[in-house]
Amino acid sequence: MERKYLIAIVAVVAVVVVAAGVLASGILNPANDPTVIKYTNIAPKDQSAAIRQGTVDGGVSWEPYVSDSVLDGTGHVLLESGDYWPNHPCCVVAFDKEWAAANSETAQRFVKAHIVATEWIQQTLKEPNSENYTKLMEIGAAFSNRNVSVVAEATKHMQMEYNISDESRQYFQNYTQEYMNLGLLKESNLNDNGYSNVSEFVQQYVNTGYMEAAAGIEPVAANAQLTTVRVGFLAGDLHQFARVVAESTEIPGFDGKSIFATYGIQTTSPQPGGYAAGGNVMDAFNLDQIDVGYLGSPPAIMRHLQNGIPTEIVALANTEGSAIVVRAGIDNIADLGGKFIASPGESSIQYLLLRSVAEQNGLTVRMG
Amino acid sequence: MSILSFKNVGKVFPKDKEELVAIQNFTLDVEEGEFVCLLGPSGCGKTTLLRMVAGLESISKGAIELNGKGITEPGSDRGMVFQDFGLFPWRNVKRNIEFGLEVRGIPPEKRAETAQKYVELVGLKGFEQSHPNELSGGMKQRVGIARALANDPAVLLMDEPFGALDAQTRNQMQFELLRIWKETRKTVLFVTHSVDEAVFLADRIVVMTGRPGSIKDLWELELPRPRNRASSEFIALRKDILDELEVQKTVV
Amino acid sequence: MMGTTSWSWREILRREGTKIVLTAISLVSFLLIWWGLSIYLESMKLSYLPAPDVVFEAFLVSLSGDPLTHNPLLNHIIASLNRFVWGFALAIVLAVPLGLLMGGSKYARYLGMPASEILRPIPPLALAGFFFAAFGVLYGPIVTVFYGVFFPVLYNVMFGVRSVDPILLDAARTLGASRLQMFGKVILPFTIPYLMTGISIGLGVGWMVIVAAEWIAAPGGGVGALILSTYTNGMYDYMFVGIIAVAILGILTTSLSRLLENKVAERMGMK
């Protein structure tokens, strides 16, 4: 062997391996700080696997993935969002403001279909032995690619709700304030969009006018022309069960038509598999790819203020239904310090929940 | 006594389904210290013959013996100088010359000493640390010669070593080669297609026929060295050999 | 010494004056166009291209942690480098011996080529989902980088071995080298500049791959994760901090390797 080159190759390989080892061993990273919760973004559907592999200590996600992790024994629920924020609004129906104004009747019909579907789910969940219940579970399982027992469990941890109560409005204000406290939104974001304070913003951003008008909407004639509405939604998110049900042609009592079709609506989506996070749904609004979005209320608020995306919240989709799931050995919030938690992405209510809970308990949240 | 003997040597290359006979019935004895030129038209197999001596080509028929032992594979008892130099570009002059000593496991101090001797023999003192790409063609071939000699081979095989050089450098290198040959008293087998070069260098010229190559004629050169290219004997001899090759060409 | 330096500076300026002026014009106009475009877009109520000064402010904040990820920029960079180096090291360690083997033995080549000819044209990112599913979110990005670097190195080393000038092998044989010695003293050194070329290409591919791979998942953070998170939250100023960080890292590594490649080729007298 040409000694010089052999030595050079060995030296290069050795340097690379040592450098990699140093980097991997975490010598350059500060030791786990017990006051910091480290998080990383992992899609909810992959969180269960990540906890099992030991990559993360837990995850914050939406239904049905919370129930998924719990039922397969990966972890247990440390905190349900409903315990921390009782009755908090979660996913909402948002409209492109200009589209809704220009197509107000279609917008009202859409809201009506959403209300009818939500009420049907509410009723069905009260009758767990009915055929309708079985049907609902099957629709949910097909949409989220999880089995019916996971869907059944999931529906116990959230409420399907369309009505925007005063309590909901108060929560929207709280979310906005939370974002400002976290430094993700500034006072100037309010002012730039023409709002003088948080309460005025929520006052204007929530528009219940379509819902009020929807009370007077009747099903269209059997042969009526359907109006196409472009809809964006989250991948596999059961919080948006009403949309899934309204799309289904298998709901009894609607003559084999979907609830949307019953009210003269036909939906399309630029991303039929759904978006990964609420932020992506807002981007679709921004690019004028959708007219209606089902997404978490925090990203709907955050991105509207952050980037001036012209949207409005017109109805709720659900309340509660998010949770922090952790592996065995983590038993209270304080234990989360120094742990590694998966989150669906920063433009999600789950991330906001994690950060809010952490700050309440004197912990900070950092990507790590 | 002869140091290198070709005994009825033949070379056959497989070509498609037939066989291409490149060399046949080549018989020759080379004396120790002799300078023999193989001269012939291109394609006559003279380079193949040289490569067979080097052990780089197999021998199809007959045998080639060095000091009475048949040649089967390359060895350091034969040094070869290539037309395109064949220097290792990543090694400097000294380390190129040391290559043969290195692979034979000679200790470094001894290697350096031997290399230095040959650096000086070929007139490259001061260029020990240069890389081949920093040298002119003539200097490159000096390295090639020194490298082949460093192994102290029994015969030096030279395959058109000055073919890639310009005319002036070429003449100069011929002088240098004769000087080196005189100093080392090596047996040299030198392949060329230049009659002028052969007449200038050789003790004996082997004129080869076209394919299949065999010996057409042997010329013993009595001209004293240093030979004068302008002398009437030189010119006459060159003309005679040239005529012999020309006749052959028209026949071919 | 100082005198010579200042003289040579003047000399450089005299010789390279036009180049320096044009380079300066190019950079300044790039900055001005960026600035102008961002002001124009801002006036159109489009916020996706923040002005250079806004990005610079965001950069300063990022040093101690941006408001979104709270992770200092340096940590993101180290996390990305970490994945990069692992994937890269793995690729070199496997591709070099395999390349030498496939270059040197035609049987190894017959055995290895069909499989690598099928796998090589598949963009690493097309397989990223598979790697994440198979190796988990921790090793998924590393394997993706590995895949991107592996083939350029493998093919360049193999090509290098096959490009060895036969005269050099003949020369080595006549000088008495054994097969092993020919490999170590002729084939290996001859292949090194080709290896360097493979590494250069691999580095470029590696950076492209790591950023996108980190979009899927990046436990421990990473520049790609920073870019995606800030993008989905519409925090474009911080997104550009991430983009510029990747650009600088890419420029640094590729120019470093190109420099090394040239130096090696020069040192080895093969240029």
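User: Which elements of chain B make a right-handed β-α-β unit?

Analyst: In this predicted model, the unit is made by β7(B), helix α5 (residues 167–184) of chain B and β8(B), and the unit is right-handed.

User: How should I read the side chains along a strand such as β8(B), and which residues point which way?

Analyst: In a regular strand, side chains alternate between the two faces of the sheet. In β8(B), B:Thr187, B:Leu189 and B:Val191 point one way. B:Val188, B:Phe190 and B:Thr192 point the other way.

User: Is strand β8 (residues 187–192) of chain B mostly covered or mostly open?

Analyst: The test for a buried residue is that 20 or more other C-beta atoms lie within 10 Å of its own. By that test 6 of the 6 residues of β8(B) are buried, so the strand is mostly covered. The residues pointing either way from β8(B) are all buried.

User: Which strands pair with β8(B), and in what sense?

Analyst: Take the partners in turn. Strand β3 (residues 35–39) of chain B is joined to β8(B) by 5 bridges, and the two run parallel. Within this pairing, B:Phe35 has B:Val188 as its bridge partner. Strand β7 (residues 155–159) of chain B also pairs with β8(B) in the parallel sense, over 5 bridges. There, B:Leu157 stands opposite B:Leu189.

User: Now the domains. Where does the assignment divide chain C?

Analyst: The assignment gives domain 1 as 1–48 and domain 2 as 50–267. Their C-alpha centres lie 30 Å apart. The contact between them takes 7 residues from domain 1 of chain C and 4 residues from domain 2 of chain C. On the domain 1 side there are 5 nonpolar, 2 polar and no charged residues.

User: Which pair of chains has the most contacts?

Analyst: Of the 2 pairs of chains that touch, A and C have the most contacts.

User: What separates chain A and chain B?

Analyst: No contact joins chain A and chain B; their closest C-alpha atoms lie 9 Å apart.

Notes
Residues are numbered from 1 along each chain as its sequence is written. Chains are lettered from A and ligands numbered from 1 in the order in which they are written. This is a predicted model: local features need pLDDT of at least 70, side-chain atom pairs count only at pLDDT 80 or more; totals for chains, interfaces and linings use all residues. Domain bounds come from an automatic or database domain assignment. Ala, Val, Leu, Ile, Met, Phe, Trp, Tyr, Cys and Pro count as nonpolar, Asp, Glu, Lys and Arg as charged, and the others, Gly among them, as polar. A residue is buried if 20 or more other C-beta atoms lie within 10 Å of its own, exposed if 12 or fewer, and partly exposed in between; C-beta atoms are placed from the backbone. Helices (H or I, at least four residues) and strands (E, at least two) are DSSP runs, numbered from the N terminus. Two strands pair if DSSP finds at least two bridges between them. A crossover is right-handed if, with the strands pointing away from the viewer, the path from the first strand over the helix to the second runs clockwise.
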